[in-house]
Amino acid sequence: MSPSDGGAEPAPEAAKIPIVAVVGRPNVGKSTLVNRLIGRREAVVEDVPGVTRDRVAYDATWRGRPFTVVDTGGWEPDAHGLAARVAAQAGIAVTAADAVLLVVDATVGATDADEAVARVLQRSGKPVVLAANKVDDARGEADAAALWALGLGEPIAVSALHGRSSGDLLDAIYAALPHVADVAERPTGPRRVAIVGRPNVGKSSLLNRLAGEERAIVDPRAGTTRDPVDAVIELGSETWRVVDTAGLRRRVKEASGSEYYSSLRTAAAIEAAEVAIIVLDASAPLSEQDQRIVGMAADAGRAIVLLLNKWDLLDEDRRLQLEREIERDLARVAWAPRVNVSARTGRGIEQLAPAMRTALGGWEQRIPTGRLNAWLADVIGGTPPPVRGGRAPRVLFATQAAIRPPRVVLFTTGFLEAGYRRFLERRLRESFGFSGTPIDIGVRVKDKRTGGALG
């Protein structure tokens with residue numbers, strides 16, 4: 001038996017899924033072990049300490065029981081500065097968890113930090129499973145046995161890297177989980193939102209503002225967020241599942257190390273989302289990377305909201321310049337709702353929920369076939385398709401084949417130029433709205449030989 005992925009959608013018992021927090025010192029192999037427990041490589045792993053900084057949740061299943069695994073940054077009780085805030089995130093994860101998995105490096109043995117963490121966990125009253133990691137063969141069993149001294153029960157000797165005894169560890173976690181009836185109910189079915197943008201534009205500050213707590217670590221240095229960090233929040237009398245992603249510096253194929261895997265997680269978060277909030281630093285000129293991220297979300301077919309952060313830092317000259325930059329550089333998503341906010345002060349945050357609802361409304365909008373064809377006849381009557389190859393193609397029929405995002409298919413007697421399709425998209429938006437969503441206009445040319453359509 002192996003752990004399996006529950007997928008992007010919550011399991012039927014999602015409202016009662018227990019939480020397991022994975023804690024331990026930096027670089028003891030927590031993220032590698034998390035990947036082993038969930039049965040897929042999602043947590044970012046790199047052979048340097050401190051790669052994981054926020055608490056990050058993943059879905060897992062064992063013996064038919066779904067549970068949530070929360071990976072945390074390295075926990076050192078006497079840490080200072082950024083390390084102290086990482087430890088604080090681990091502490092919050094323990095408070096919210098139903099069970100705790102403490103990971104210790106068996107090759108090093110119990111350090112003073114391990115003993116301090118063990119004492120904290122003993123006082124918490126939560127069920128604790130002790131994993132003695134990096135036991136790659138039978139010779140390391142004695143090192144694992146020495147961890148009985150932590151007072152947390154039997155240490156389970158495992159190798160996160162090679163998978164040794166991972167089934168035994170999952171059995172122990174399963175035994176430590178509370179019964180379904182004992183787990184507090186949590187919200188189900190919130191709309192999925194991804195916060196994306198370049199490094200240091202204020203994505204984590206925005207998530208913290210929305211969540212009303214320090215859900216993600218904020219630091220002036222770019223690149224603090226490595227994994228997607230999610231929170232279920234109440235905003236505008238509605239529940240949303242918001243994911244803060246790592247800042248994208250460059251194309252995925254140009255990234256390396258933890259940045260490469262962070263880029264993959266961000267791309268996956270966009271794909272799993274329904275609406276993407278693209279955060280732009282309004283106080284700085286728009287960059288090529290901003291345009292690339294906008295294109296990434298549009299190509300993925302997500303609903304889009306443009307969030308111009310740090311609005312409190314703008315003077316009148318910068319505002320005029322920004323309008324020109326948006327008109328020039330973001331013309332592709334001129335249809336996206338825009339909100340001007342300051343994540344630091346909270347200014348304008350109340351505009352975000354209505355903008356997301358507007359974008360999702362356009363994303364899920366459907367035009368009845370009769371109404372669509374009546375509109376099309378009027379538009380083509382005024383501006384027919386351009387002549388191509390000596391003959392003008394005729395548009396025979398149109399239908400909206402899909403939503404989320406909307407897809408309109410035109411059945412024609414000949415190819416329609418890209419420029420004419422863009423013209424139809426503009427007129428479609430003028431007549432029906434479709435605010436906040438890309439629209440895919442496809443053409444199917446009638447096959448003269450068979451009377452059918454060619455895709």
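The structure holds 21 salt bridges, a salt bridge being a side-chain nitrogen of Lys or Arg within 4 Å of a carboxyl oxygen of Asp or Glu. The model is a predicted one, in which local features need pLDDT of at least 70 and side-chain atom pairs count only at pLDDT 80 or more, while totals for chains, interfaces and linings use all residues. Residues are numbered from 1 along each chain as its sequence is written, and side-chain values use heavy atoms, with hydrogens and water left out.

One of these salt bridges joins Asp-290 to Arg-198, with 2.9 Å between the closest N and O atoms. Asp-290 sits in helix H8 (residues 288-299) and Arg-198 in the loop between strand S7 (191-197) and helix H6 (203-211), so the pair ties together parts that are 92 residues apart in sequence. Here, helices (H or I, at least four residues) and strands (E, at least two) are DSSP runs, numbered from the N terminus. Both Asp-290 and Arg-198 are buried; buried means under 20% relative accessible area, exposed over 50%, and partly exposed in between (1.4 Å probe, protein chains only).

A salt bridge also connects the side chains of Asp-299 and Arg-332, at 2.2 Å from N to O. This pair links distant parts of the chain, 33 residues apart: Asp-299 belongs to helix H8, and Arg-332 to the loop between helix H9 (316-329) and strand S12 (338-340). Asp-299 is exposed, at 60% relative accessible area, whereas Arg-332 is partly exposed at 47%.

Asp-329 and Arg-328 form another salt bridge, at 2.9 Å from N to O. Asp-329 is buried, with 17% relative accessibility, but Arg-328 is exposed, with 58%.
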